[in-house]
Every structure is written in structure tokens, then in C-alpha cells.
Amino acid sequence: KFIDKRPTRFIPFAVDGTTEGYVALSMDQPNGIGVYHDEAETIFNAGSFKGTNDSISFFTQAFGGGRYTQIRADREKERIVPNLNINLMMGTQPSRLSSIFTSDRLASGFASRFLMVKCDYMQLNTEVDPFTKGKEMCEEWVDLLNHLYISGEAYKRRDMDKINIAMTEEAKQIYRQYYKLNLEQANERITANSEHIGTEAKMSTYFPRLVQILAIIHNPGTPVISEQTIHDAYDLYRYYSKTTVDIVSTLTAEANTGLPAPLELLYQALPDLEFTKKDAAAICLKLNLPARKFEISIRQKQFSSQFKLLSHGKYVKA
């Protein structure tokens, strides 16, 4: 008698794990499993966090499907997957692909087993209101702030009311202005393709946190976010942002052009079409570089092979 049994639709989706864990999960999952990694190189470079494990070989076999058997010296620890079915989805920056797909992996055809999609950053909505419900702080941050007030035992018992940080309407208006300014500056970096390492974007999340911390420092008992608090927090955020970008840029290795990291960043940000010294100076300021950085680099012949002089004060990439 034929019984039409519908297969279950549940497919586990792992956000992090090891190749050993994926095999164990696949043993009783005939529908297969999904695996997502935000930074693609972590799953290939680390494997299952064991020096003897070759994750490339594992995924090569996984993509082939079929029966998968792990032989162990202890027969009780053998793992058999009747039909290995793993769907792998990853994301990474294009500049970091070389650490994953080395020349050997390209020659073996491993890279060609993936469907690759190249995308750019979307323009940010500068009209969004930072005080809407969707922009509220996460519970982890709220708990962290409460921990600044509550002693250890009281915090564990949760027998103390949460501390509310008040904010004046005038302060909200100034906060909206700075919030919109950050989004507009981010869109300029997106358009100029100048933020390859995402430092500025990551640093921007600290602005609202600095606002709250300054309010607590100034008045721990009854913290209030005033207009001055917003101005001070923004100055502090810009300071940390600039210093962090400078430090991360110096840590970044020299690119294929052979230029130091700051000049490589400037080279990538400058337009491919004709531009003037004035245009270059404006881009330098956006990158937290001295306004005359391009002009000085040209004079010192650091950009001698990267740019051509078209006419007085006008350049184009070579």
C-alpha cells in the first residue's frame, strides 16, 4: 500500500558552529541544514577550530552530496550521514576573499562551487526619526545601564525599579540634527566608496550610548539629557571616530598599489574621471586626512604612477 507522506518542512539553520557539529546535526535531518556565517573566512580558516581539520575538504564533500562517513578509531564514535545536504550562505568584503580563495583553491575549482553576488551599501534614509519605537535601545544595553545603579544582589533579584533617563524636547531636536548629519555623512562615504573597512559605520553606534553615559556621569541620581549633553557627546563621538579611523588605517596592510594605507584609501575614494585639486581636498577632509594630502603626495611623487596631470590643477587616474 502506497502512503503519501508529506516531508516535514522544518530545516535547521545554524548561525555558528563547527564541521563536527554540522555532521552530527545532519545525521537525523533528511531535509538538510542551512549554515550562515557573517564573515565567510572564519568558517574556512578556522574549520572546526582543530588544527587537524580541513574544512575545505569537508565542504567539498558536502557539496557533492550523498553518503558521508567519518571513520574513527573508536567504532562507537563513527558518524554516518545517509544523505549529506548542507546549504551554506556567507557574506564578506571583496578585499577579504583572497584569504579564503587562495590560488590552490581557485585551481581546484572550489571557488566556482559558490553562487556569488556582489552588492554595495544602500543609501541610508536621512529622514528617519531616531525616537521611533524601532530605534529603541536593546534590552542588553538597558540592563547594562541599570547595573550601574543596582548592587549585585539587588540586580539578581530584579527588585529595584529601572532608572529612567529624561530628555528635554530641545535636546531631542538637537539629537535629531546630529543623527541626520551622521546619516548624510555616511551616504557621502557610500557614494565615494571610501569606507572599505566600515570603521565609521561601526563607530556611529556609540553616539547614542555616549549621550546616555554622559548624562549618568553628570547626574547619577536623576540623569537628564540636556542640549549641552548632546553637544558634548557628539564632540566625544567625533574624537573617538577620528582616532579609531586613523589607528585602523595604519594597521591595514599596504594594498596591491604599494601605497601606505591612508594613500590607498584616498586613491580608492578619488573619482575615476577627471577631478581638480579642490575636489581632492574635499575628499581628503571626508576621510579625516589633511586637506593638502593629495597635493603633497603628488609633489613628493608618492602618486607618480597612479595619476596623470591633464592640465593645471586637473588630474585623472592613470
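View 1. At 7% relative accessibility, Tyr-234 counts as buried (buried means under 20% relative accessible area, exposed over 50%, partly exposed in between, with a 1.4 Å probe and protein chains only). This is a predicted model, where local features need pLDDT of at least 70, side-chain atom pairs count only at pLDDT 80 or more, and totals for chains, interfaces and linings use all residues. Residues are numbered from 1 along each chain as its sequence is written, and side-chain values use heavy atoms, with hydrogens and water left out. The model holds 17 aromatic pairs; rings of Phe, Tyr and Trp (its six-membered ring) pair if their centres lie within 6.5 Å, and planes under 30 degrees apart count as stacked, over 60 as edge-to-face and the rest as tilted. Tyr-178 and Tyr-234 make a stacked pair, 4.0 Å centre to centre with 15° between the planes. Tyr-178 lies in helix α7 (residues 169–192) and Tyr-234 in helix α10 (residues 227–251), so this pair ties together parts 56 residues apart in sequence. Helices (H or I, at least four residues) and strands (E, at least two) are DSSP runs, numbered from the N terminus.

**View 2. A lysine over a ring in the cluster.** Ring pairs join Phe-131, Tyr-175, Tyr-178, Tyr-179, Phe-207, Tyr-234 and Tyr-237 into a cluster. The charged end of Lys-172 sits over the Phe-131 ring, 5.4 Å from its centre (the rule: NZ of Lys or CZ of Arg within 6 Å of the ring centre and within 35 degrees of the ring normal).

View 3. Three strands line up as β1-β2-β5, with parallel pairing; strands pair if DSSP finds at least two bridges between them. β1 (13–14) and β5 (86–90) are at the edges with a single partner strand each, so one side of each has no neighbour in the sheet. Between β1 and β2 (residues 33–37) there are two bridges, and Ala-14 has Val-35 as its bridge partner in β2. Helix α1 (residues 19–26) packs on the sheet and touches β1, β2 and β5, contact meaning heavy atoms within 4.5 Å.

**View 4. Around Val-224.** Val-224 sits in strand β7 (residues 224–225) and is partly exposed, at 41% relative accessible area. Leaving aside residues up to four places away in sequence, Val-224 touches Ala-166, Thr-168, Ala-215 and Thr-229. The C-alpha atoms of Val-224 and Ala-166 are 4.7 Å apart, although 58 residues separate the two along the chain.

Technical notes: Axes are lines fitted to C-alpha atoms, for helices over the stretch in contact, and angles run from 0 to 180 degrees between N-to-C directions.
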